[in-house]
Each structure stands twice: as structure tokens, then as C-alpha cells.
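Me: Could you walk me through how to read helix packing and pockets here?

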Amino acid sequence: MDTRVPDNILASVGPIDHYLTALHGRIAGVTDGEIATYIPELAKVDPELFGIAIATVDGKVYTVGDSSYSFTIQSISKAFVYGYTLAEYGRDYVLSRIGVEPTGEAFNSIILDEVHKRPFNPMVNAGAMAAAELIKGDTPEARIATMLGALSRFAGRSLHVDESVLRSEQATGHRNRAIAYMMLNSGMIHSPPETILDIYFRQCSVRVTCADLAVMAATFANDGVNPLTGERALAREYIQDVLTVMNSCGMYNYAGQWSYEIGMPAKSGVAGGIIAVIPGQIGIGVFSPRLDAHGHSVRGVRVCREISETFGLHVFRNHTNSGAIIRRELSGAVVRSKRMRTPKERALLDERGELISLIEVQGGMFFGSTERLVRRIDALAADAEFVILDLRRVHDADQAARRLLLDLIEWLHERDRRLIFAHLSPDGPLGPLHIELIARGVADQMVFEHRDQALEWCENQLISAFTDTSDRTKFSLGQLDIFAGLPRDDLRILEGLVRPMVFEPGQTIVAEGDEANLFFVVARGTVTVQLRLKTENDSERIVRVASLGPGVSFGEMALLDGGHRSADVVADDRVVCYGFSVEELREVGQSHPRIFTTILGNMMRDFSERLRRANDEIRALRSSRAAQRRPKKRRMRAPMAAASASASAAMRFSSAWRPASTSPKRSISSGARANMSSNATLPISSAATSLWAIAVAVRRMPVKSDISPTMSPA
Ligand code: DON
């Protein structure tokens, strides 16, 4: 049998290839061991063949030597067939048929677990034959197809049986026959031994290359998904079962020492193949036919040992960094949503913004990292009413993370605090949490698509909690920042110029490119300033620049340059605006210069205030990570409940589980919190976007006569 195929020799392209080439060269000098001869066909192999392959969980395959030479998989098949049985029958049933205890014996040991009436484990021949009996199919051909399908999904290509090796083992495998009959005798198998032996011999005779083995091992490392094809070969829940048994039993009576020294779940085959798995990282496949006394490839063991030592890959070596879960913490006193606010609202948020905390979460969420996060949120909630979790950078989350977050939500709820989520999508890593929050009827108030929306919502809660209702329902021209300081007579003149306008949800108020001949004040509802950007594939992407609510003006730049609109402004809901014609204002300015200069002065004051805020925000976002590494000592908690002792001032926010209409109340939480940040990418600051939005001018809209120009939008 010479199945040598032209080697797909890759040029050495990088440090890993370079390392593998050197490793291969070094270990190729090892000529210890003997090739297996008990299956006569295996004795024909060239003992010098030697290939190494490493496959990563993202599908990069490094190979060196005879990596495309194909040989029979032999006992390595046992790991994959065991996985198949778990997926088909479930843990409990498979455990009732095959144990998980190491034997400390060779692969072909005849000892059986007579107490539990099952073979000791699925990695020794007896257990593998019990597993082979479980392969489904109505006919022998169908069972073979099932077995080949299961193995092929791991390899990412169709695998086939080497008929000569199969015939050779069928002719000589009498010890396996003896084991099968003994198991039949003890009731551990129920089918005719020859049918089980046929499928078992065939699974051992499947031909693979060591590159295939690396990919098959990497599929285990990748939680059961083949990194080349993206196809799931085994449900994630069974990966740990297979790897555990590989770790304790895969190397038979060498398993303890292997685990101690090399520390990788592994499986070997008498043709000279070995696989080793580093969960979450790589799969290793090695082929070299000379075997040691335990039946493992001598060079294969050496290769795995060197790779493990060189790269510190022992599975019990800790690589996790639970502390990296928090990327950055920001206070609502410094970072703001893109919502443009009235000066009064801005002042309120300056004073009370620290009641909002924002945490950028990153990486994988598992017990250790989520516990850190939960602890930090709990500490922040001593002062903050709202804690926003920006989950955009979370790539993975397990059930422990979901469980801890749900418990945290309840815990905070009892303390009148709210946990708010941004980027918690139903199909993301924390999807089940999203579904749970929907089921509890609280997703509306807790889950936002983007962090800006979450921030805006929290700001709105603060504003409504700290603002008298009357302030929010009525405007007179004199209350508008842009007209501040104008005497009553001038305001009366302006009242004559007001054009009340109504826009329906989704209606465009201002379109990019339009002539700017009006400026607006929002009287009721919310508008969004947005840009239409072309994507790479020529479709359109809408980017929200800012949103504006009652009392906020936009398009004033038209008074300065009268140019064209630089963005769209769209009504979010039913919006009432007061429009002012630039031309008419200019005319009034001729006869009443004070009106015009006051408006321009107010605009400048507003611009400079926004600019100052933009600088503050940038500074806060840039401030060192060092602050993050030195979290403030946790203060004595001043929970809102305790604060209610001074009940006149201390009223708490509604709980997360109460209906949406419940409005938050005032809080006495105090004290500036250190704003911790990193040098990471800066988001468009709210103040900067406000400056931009304000530059947007307005298209002339039809005047709606049903709105009275009294400036009382209510
Ligand atoms: O059962 C046998 O004898 C072979 N077909 C497979 C044994 C094997 O690969 C042992 N592993 N090192």
C-alpha cells in the first residue's frame, strides 16, 4: 500500500512555519520504536514518514513534512465515534453502556467492568466496540455511511476506508473478536459480534492525512464546529465529555504521564497518528509510524511534548484574564448622548449626570470575568441610578454569565437601581438573556440597540425626574435660548414672524443639499439629524448624528451663511416646530439691529459652550487607563432606600420591573466619581455632533394654519 500523494508543500511563510520546520528537522532524527505489524498491511509502511500539522480554530492550517500522506486513522476514530454516540443517545444512555474510568491497561485489554456491566471507557477497544454497536443505520451499508459521515464532518472532506488495511485486520483481529464475544457473553453488547467488528474495523481503516487529523482536532478545539467548513460536527455540550475521556483514557496506560507532562486531551492510533487538542486554540495532528511500548508514535509524542512546553499549552495552565472584562468606565456627567439639549437640560445633566454610569464590556463573559463585572457594577450602583452596559465588544458569553446578569438585575431592582443594556441582540452571545428580558416584559426599558440610545433614555429619565412638568410643556419665545435677553417688544416682533409647522413621524423636515432659508425651534416631539452614507457595496447607510427635543433650535447657521443643508432632519414622532424665515429675520435686523445681534450673540455663546463640553468629553475619554487599574475604594454604600430617611429629597427611580409609565423620581446621590477611560477610539462626542447638527439649515415647509403661533406647544 503506497498512498503517498504529492505533498502540498507550502513555502515557509512565517514564524510558525519556521518553528514547525525546525521542530520537524530536529525530531526527524529520532528513530526509536517499531512499526505495528500485528495488522500485516501496516507493516509495509515506510518508517521514515513524518508529518506535522497544526490547525487553528479560525481555520489556518500549518503543515510540515509528509502532511498529505494518507494512513489509517485506527484508534483515533474512537474519539469521534464516541462523540457521535453522545449526540445520538445522550449522556445518560451512553454512560449506561460505556464507562469513563481509565483502565491503566493497554488498548486491547480484555478486562471489563463486570460490576457495572460495561466496558471501562470508550478509548479502549472494548468500549469502542460498544460505541460502534450504537452507530445507526438500517443496513450495514447505512451504518458505514453514518460512521464515515460523522468522521468526514470533523475532517471537512469525504473520508474513505482503506480496503487493504481493512481486509488485513479482518483476517487477523482475533483478539478483538475475543473481546467482542466476551462482551456479548456479559450482556454488554447485543448484536452479533461480527457486525460490530465489521464497523469497528472499518472505522479504524479510514484513511486520513495528518493535516486532516489537525483539522479534526481543531474541530474539537472549536467547540465542535469545523474551522474550515463552518459545519457543526458535534454539539458543543458533548465536546467536554469527549475531551475529558481523551484526557484520562486516550493514551491508555500512558495517559497519566501524558497528562502530567504534555497536558492535552489526545488520542493515538497504531498506524502512527496522534491528535491533541488545545480547547479554544488549536488542534495538532502528527504522523510517524514507529511506535513506543504503549503503542503511541514515538515522534508524535515528542512533537506534542515540545509544542506543549515551547508554547505553554498544558491545559491546566491558566490563560484567562478575568480582569480584562471592563474596557472602560464613563460617567454620564461627561459622556452624553447625541441628543441636543436646552441649556437648562445641559446644566441639569452636568450636575446629575453622574447618576448614570457606562461600562464598556469586552471579551468573553464567563463566571470569572462576569463575577468581576458584577462586583464592579454593584460598587458603582452605590452612587449611580443607572448603569449602562455597552456589550458591543463581547464576543462570547456562557450560561454562567447570563445567570449572573439576571441575578444582578434582580439585586439592583431591589435597591432601586437599573441595569441598561446596549448591543444586547437576540442572536448575539447574550441572546438568551435578551429573550428572558422580553419574556419578563422589561426589554423596552432595559435593552437598547445602541449605547447612544441607552444614554439618551437615561438622560431623559434624569431630566424628567428633576424638571417640573410645567417647564416641559410650554415655551414662550423669551424662554428659548436663541432669543434670550431680547426685551418684550422685540419678542413681540418675532412672534409675528413665527411659522408653526407640523410633521408626521418619518417625515423629512430638512433634506441634505436643500437651500437653507429657515431655521427651526422644536416645540413638541423629537427630530433626528442624520447622514446618508454610501457603503462599499453602494447601498445606503443612515448614521444618526444627533436628536433634538422641545426648546432646541436647529438650522440657525442659515442666519450666518444662508448656504445649503449638510444633513437630513427627520421627525421621529409627530413634531411641532416653529420656523423662522432667514430673509424675514434679516429684514427685521435692518430696522431692529438689536434683534439680530442678540440672536447671533446667543448662537456664539451656545457654540462655545458646546465646544468646551466637546473638549471636556474628549479629555475624559482620553484620560489614562491607569485610573481604571486603580478603582476607587468602595465607599460606604448610601443606598437610595437609606437616603429616603431624608425622604423629602430622596425619592427613588422606579424599578426595572415596573411598567414603562412609572417615572423616575429625584435622587440625592452625590459625589463626583472618577471617570475612568482609555486611549481607545473616540466616539463622536455628543457636543461635537451638536455643533454639527446646529449647522444644518432648513427647507421651507408649508405653513400649517391649524397651529396657533402662541408658542404653547401643549
Ligand atoms: O483495535 C485495533 O487493534 C486497531 N484497529 C486499533 C488499535 C489502535 O490504534 C491502538 N492505538 N494506539
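**Helices, then the pocket**

Reply: Two packed helices are described by the angle between their axes and the distance between the axes. Here, helix α2 (residues 77–89) and helix α10 (residues 236–249) have axes that come within 10 Å and cross at roughly 145 degrees. Axes are lines fitted to C-alpha atoms over the stretch in contact, with angles from 0 to 180 degrees between N-to-C directions. Helices are DSSP runs (H or I, at least four residues), numbered from the N terminus. It's a predicted model: local features need pLDDT of at least 70, side-chain atom pairs count only at pLDDT 80 or more, and totals for chains, interfaces and linings use all residues. Residues are numbered from 1 along each chain as its sequence is written, and side-chain values use heavy atoms, leaving out hydrogens and water.

Me: Which residues in α2 and α10 meet?

Reply: From α2, A79, Y82, G83, L86 and A87 meet Y238, D241, V242, V245 and M246 of α10 (contact: heavy atoms within 4.5 Å). These divide into eight nonpolar, one polar and one charged (Ala, Val, Leu, Ile, Met, Phe, Trp, Tyr, Cys and Pro are nonpolar; Asp, Glu, Lys and Arg charged; the others, Gly among them, polar).

Me: And which element gives the most to the lining of the largest pocket?

Reply: Rolling a probe the size of a water molecule over the atoms shows where empty space is left. For the largest pocket, α10 gives the most, with seven residues. A pocket is an open set of points on a 1 Å grid over the protein atoms alone, where a 1.4 Å probe fits, with protein on both sides within 12 Å along at least five of seven lines; lining residues have an atom within 4 Å of a point. By class, the lining has 15 nonpolar, 16 polar and seven charged residues.

Definitions and conventions: Helix = DSSP H or I, 4+ residues; strand = E, 2+ residues; numbered from the N terminus.
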